[in-house]
Amino acid sequence: MVKVGIIGPGDVAQIHVPALRAAGAEVVAIAGADEASAQEFARRWDVPRSIVGVDELVALDIDAVVVTTPSPLHGQHASAAIAAGKHVLCEIPLSTDLSEAQRVAEAAEESGVIVMVAQTLRFCAPFAHLRQMVVTGEITIEHLVSRRLLLRQRDEGWSGKPREWTDSILWHHAGHQLDLALWLLGIDSDSARDAVDGRLGRRWEGNGEPMDLSIRVNATDGRLATLALSYHSRIAAEDCIIITPDETFTVANGTLLRNGHVFLEGDSDDDMKKRAIETQDAAFIEAVRAGKPAHPSARELIGLAAALSDIEAKMRI
C-alpha cells in the first residue's frame, strides 16, 4: 500500500483523494495553512490525520506527497517533500519562477525521488488518442488552434469557491495549453524555448494582473500552434482544433470529432478531466510502487517553464 499525504485542502485536492484511492493508495494525512480548513477536509473525506503546516506532514511515515497548494508555493512545498525523501506529484506549475523550477528538478535527480507534474491534459482521452496517432505516424499536425476563455475576474477556484490568492493566466492555464501543444507537436524540452513566442495583455485595474494572453508556437519544420487565453470572457470556450493536410479534429466538451463527426465520445470537459486525473494519479502511484520514472517529470518541463518565463519577462519590460 502506497501511503500518501496531501498538502493543500482546496478544490483540486478533493478530486485527488478518490483518484488516489482508486489507484490503491492510502491517503493518510492532509496539511493546511490553518487548523479549521485541514480538519474540515479530513472530516469530509475521511482522512485519518489533519496537520497545520508542511514540515510535520513530510516527516510522517509516508511514501509520497501530492502538492495542491496555491501556485506560488508549489516549488517550496515540493522541495520540502524531496528533502524528506518523499516522491512528489505536484499540481502545475512546478514553480512560478524558472530558477526555482530548475532547483526542484535538480534536487529530484540528486535524491532519486520521483517528481511528476500534473499536466492533466496529457491524460485526457481525446488528447491521448491524438498523441498516439501522431506517434504512430497516422497523422501529422500542421496547425493546432486552442482556446481557453473564461471569466476569472474574482479569485476563485475550479468550483467557484473564493480563495485568497490570484490565479495566473500564464503559469496556470497557459501552462496546461502550451504543454499540450508542445507535446502533440513533438517539441521536446530542449527546443521549447526557441519555439515559443507570446504576449501578455495589459494589466487589469481590478487586480493589477494581465488577464489576456496570445501564444504562437513554431516548430523547426514550420508546423504551428496558436493559443488564445482570456480571464475576461463572458462567453466560456475551451476547445482545440487539430488541422492535418487531410483531416481536421476537434476536441470540445470531452468529445473528439473527426471532420465534424464523433470519433471518440465523451460526457463533458469536467468529467473528462476528472477521469484524466484518475489516470494520471494511477500512473504516479504505479511509478512509486514500481520504482520507475513518472512522466512528465520536473526535468521534462523545464523547457516549458523557460518559455513561460520569457513571456513574463516581456511583460515586465
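User: In what sense do strand β2 (residues 25–32) and β3 pair?

Analyst: Parallel, over four bridges. Two strands pair if DSSP finds at least two bridges between them, so four bridges qualify β2 and β3 as a pair. The elements are DSSP runs, numbered from the N terminus: helices are H or I runs of at least four residues, strands are E runs of at least two.

User: What are the ground rules here?

Analyst: This is a predicted model, in which local features need pLDDT of at least 70, side-chain atom pairs count only at pLDDT 80 or more, and totals for chains, interfaces and linings use all residues. Residues are numbered from 1 along each chain as its sequence is written, and side-chain values use heavy atoms, with hydrogens and water left out.

User: What is the order of the open sheet of six strands?

Analyst: The order is β3-β2-β1-β4-β5-β6, with parallel pairing. What makes β3 (49–52) and β6 (115–118) edge strands is that each has a single partner strand, so one side of each lacks a neighbour in the sheet. The twist averages 20° from one strand to the next.

User: Which helix lies across β2 and β3?

Analyst: Helix α2 (residues 35–45) does, running at about 165° to β3. Such angles run from 0 to 180 degrees between N-to-C directions; axes are lines fitted to C-alpha atoms, for helices over the stretch in contact.

User: Why do the side chains of D239 and R147 count as meeting in a salt bridge?

Analyst: A salt bridge needs a side-chain nitrogen of Lys or Arg within 4 Å of a carboxyl oxygen of Asp or Glu. For D239 and R147, the N to O value is 2.6 Å, so the pair passes. D239 lies in strand β11 (residues 232–243) and R147 in strand β7 (residues 143–151), so the bridge ties together parts 92 residues apart in sequence.

User: Why is D239 called buried?

Analyst: Buried means under 20% relative accessible area, exposed over 50%, and partly exposed in between (1.4 Å probe, protein chains only). D239 has 18%, so it is buried. R147 has 37%, so it is partly exposed.

User: How are E286 and R289 separated in helix α9 (residues 269–290)?

Analyst: By three residues, about one helical turn. Their closest N and O atoms are 3.5 Å apart, so they too form a salt bridge. E286 is partly exposed at 34%, as is R289 at 44%. Elsewhere, salt bridges with shared partners join D197, R199, R216 and K314 into one network.

User: How many salt bridges does the rule give?

Analyst: The count is 18.

User: What joins the side chains of Q177 and S146?

Analyst: A polar contact of 2.6 Å. The term requires N or O atoms within 3.5 Å; within protein, one must be able to donate a hydrogen and the other to accept it, and residues adjacent in sequence count only if both atoms are side-chain atoms. Q177 lies in helix α7 (residues 169–185). At 6% relative accessible area, Q177 is buried.

User: Which residues is Q177 in contact with, leaving aside neighbours within four places in sequence?

Analyst: They include R147, R148 and E238. Contact means heavy atoms within 4.5 Å.
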